Amino acid sequence: RMGQKRYHEARILAEKCVSADSSRTSHELLAWVLVSGEIDVERGVLEADVALGIPEDASNHPHQLPCFPPAEHTLGRAALLRGEPQAALAYLRRAAERRPQRESLQADLRRAEAMATGTP
């Protein structure tokens, strides 16, 4: 979970990015901040849905914006937070196909698999 101060700073940045450039990457950034802050998971899910509706090639985000997890990863993490490992697996596996090298994604995928099978 993000520290409270860090979360608020990240949220301000993410909301500015969406206001300045409503691209897929900007919505993925905001969705991830909202979900990883565990404060506004439902809004994070809505932002991830918006991101999924924007083609990646339509994104024209500022170069200084870091690469954030794909919307599917955010939706998978939200499902984990809600205790829905089967729903999480579906999203996380799709995200893993796109970005298999992402360590945080692989960790969330292992967590969802363990929850789904009941193993610690």
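Is Leu 75 buried or exposed? In this predicted model, Leu 75 is buried, because its relative accessible area is 3%, and a residue counts as buried when that value is under 20%.

## The whole chain

The protein contains six helices and zero strands, and when it is read along the sequence its elements follow the pattern α-α-α-α-α-α.

| Helix pair | Packing angle | Distance between axes |
|---|---|---|
| α1 (residues 4-20) and α2 | about 155° | 8 Å |
| α4 (residues 71-81) and α5 (residues 85-98) | about 155° | 8 Å |
| α5 and α6 (residues 103-117) | about 150° | 9 Å |

Take α1 and α2, which pack at an angle of about 155°. Angles over 145 degrees count as roughly antiparallel, so α1 is roughly antiparallel to α2. The crossing in which α1 passes α2 is left-handed. On the α1 side the contact is made by Tyr 7, Ala 10, Arg 11, Ala 14, Glu 15, Cys 17 and Val 18, and on the α2 side by Ser 26, His 27, Leu 29, Leu 30, Val 33 and Leu 34. Sorted by class, the residues of this contact are nine nonpolar, two polar and two charged.

For α4 and α5, the angle is again given as about 155°, with the axes 8 Å apart. That angle makes α4 roughly antiparallel to α5, and the two helices cross in a left-handed way. From α4, the residues Glu 72, His 73, Leu 75, Gly 76, Arg 77, Ala 79 and Leu 80 take part, and they meet Ala 87, Ala 88, Tyr 91, Leu 92, Arg 94, Ala 95 and Arg 98 of α5. The contact of α4 with α5 divides into eight nonpolar, two polar and four charged residues.

Helix α5 also packs with α6, at an angle of about 150° and with the axes 9 Å apart. These two helices are therefore roughly antiparallel to each other, and α5 passes α6 in a left-handed crossing. The residues that α5 brings to this contact are Pro 85, Gln 86, Ala 88, Leu 89, Leu 92, Arg 93, Ala 95 and Ala 96, while α6 brings Leu 105, Gln 106, Asp 108, Leu 109, Ala 112, Glu 113, Met 115 and Ala 116. Here the contact residues fall into 11 nonpolar, two polar and three charged.

## Individual residues

Leu 75, with which this report opened, is found in helix α4. Leaving aside neighbours within four places in sequence, Leu 75 is in contact with Val 45, Ala 48, Asp 49, Leu 52 and Tyr 91; of these partners, Tyr 91 has already been named among the residues of α5 that meet α4. The C-alpha atoms of Leu 75 and Val 41 are separated by 9.3 Å, although the two residues stand 34 residues apart along the chain.

His 27 is found in helix α2 (residues 24-36), and His 27 counts as buried because its relative accessibility is 6%. Apart from neighbours within four places in sequence, the contacts of His 27 are Val 18, Ser 22, Glu 47, Val 50, Ala 51 and Ile 54. One of these, Val 18, is among the residues of α1 in the contact of α1 with α2.

Ala 96 lies in helix α5 and counts as buried at 14% relative accessibility. When residues up to four places away in sequence are not counted, Ala 96 touches Leu 105, Gln 106 and Leu 109. In sequence Ala 96 and Leu 109 are 13 residues apart, and in space they are 8.3 Å apart, C-alpha to C-alpha.

Arg 99 is found in the loop between α5 and α6, and Arg 99 is buried, with a relative accessible area of 14%. Between Arg 99 and Pro 70, which are 29 residues apart along the chain, the C-alpha atoms are separated by 8.2 Å.

Conventions: Residues numbered from 1 in each chain as written. Predicted model: local features only at pLDDT ≥ 70, side-chain atom pairs only at ≥ 80, totals over all residues. Heavy atoms only, no water. Axes fitted to C-alpha atoms, helices over the stretch in contact; angles between N-to-C directions. Helix = DSSP H or I, 4+ residues; strand = E, 2+ residues; numbered from the N terminus. Parallel < 35°, antiparallel > 145°, perpendicular 65-115°, else oblique. Left-handed = near helix turned anticlockwise from the far one by under 90°. Contact = heavy atoms within 4.5 Å. Nonpolar A, V, L, I, M, F, W, Y, C, P; charged D, E, K, R; others polar. Buried < 20%, exposed > 50% of the residue type's maximum accessible area, 1.4 Å probe, protein only.
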